[in-house]
Amino acid sequence: MDSNIYIYGAGNKEQRFRLWFDPTLDFHTYTVTPSSRTVETSLDGIPIRQFNNLESRGVPYPKDQQMQIQCSLWEASDWATRGGHIKIDWSLAPFTASYRNFNVRASTWSRSSSCSNQPSSHKSWLTETLGR
């Protein structure tokens, strides 16, 4: 599995994960939780990636742009398959991705504060980070 974060149209923040299970055997829940401090990605409730706000060190952070989630399949055998060691079996084509219960819970961004239309008790996730 690969994850990337694009900020102002530029990616180059790819991170690859070796999953501890075969993700093709069942549907799974992927969650992306952005805040002013971090963008956290979880798989079936287990945090797998944390992209921290390091703007103070010159690293761009997606704090004032609209967010979008893109899911896709692509041929990346020279990069995403252990350096090309795992070859694609094209006889299994066409390859498909299936989605169910796709859910987006979002709030309207405003320059003064994010999610200002929600009660403060629902904002606790804004300051959460992954434990070490």
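Modeller: Happy to start with Glu 40, which is found in strand β4 (residues 38-43); helices (H or I, at least four residues) and strands (E, at least two) are DSSP runs, numbered from the N terminus. This is a predicted model, where local features need pLDDT of at least 70, side-chain atom pairs count only at pLDDT 80 or more, and totals for chains, interfaces and linings use all residues. Residues are numbered from 1 along each chain as its sequence is written, and side-chain values use heavy atoms, with hydrogens and water left out.

Colleague: Which side chain of opposite charge is nearest to Glu 40, and how far away is it?

Modeller: Lys and Arg count as positive and Asp and Glu as negative, while His and the chain ends are not counted. A salt bridge needs a side-chain nitrogen of Lys or Arg within 4 Å of a carboxyl oxygen of Asp or Glu. Glu 40 has none, and the nearest side chain of opposite charge is Arg 37, at 10.0 Å.

Colleague: With which side chain does Glu 40 make a polar contact?

Modeller: A polar contact is a pair of N or O atoms within 3.5 Å; within protein, one must be able to donate a hydrogen and the other to accept it, and residues adjacent in sequence count only if both atoms are side-chain atoms. For the side chain of Glu 40, at 3.4 Å, the partner is the side chain of Ser 42.

Colleague: Is Thr 38 buried or exposed?

Modeller: Thr 38 is also found in strand β4. A polar atom of its side chain lies 3.2 Å from the backbone oxygen of Phe 51. Because its relative accessible area is 2%, Thr 38 is buried.

Colleague: What is the phi of Asp 44?

Modeller: Most residues other than glycine have a negative phi, and most peptide bonds are trans. Asp 44 lies in the loop between β4 and β5, and counts as partly exposed at 36% relative accessibility. Its phi is positive, near 50 degrees.

Methods: Buried means under 20% relative accessible area, exposed over 50%, partly exposed in between (1.4 Å probe, protein chains only).
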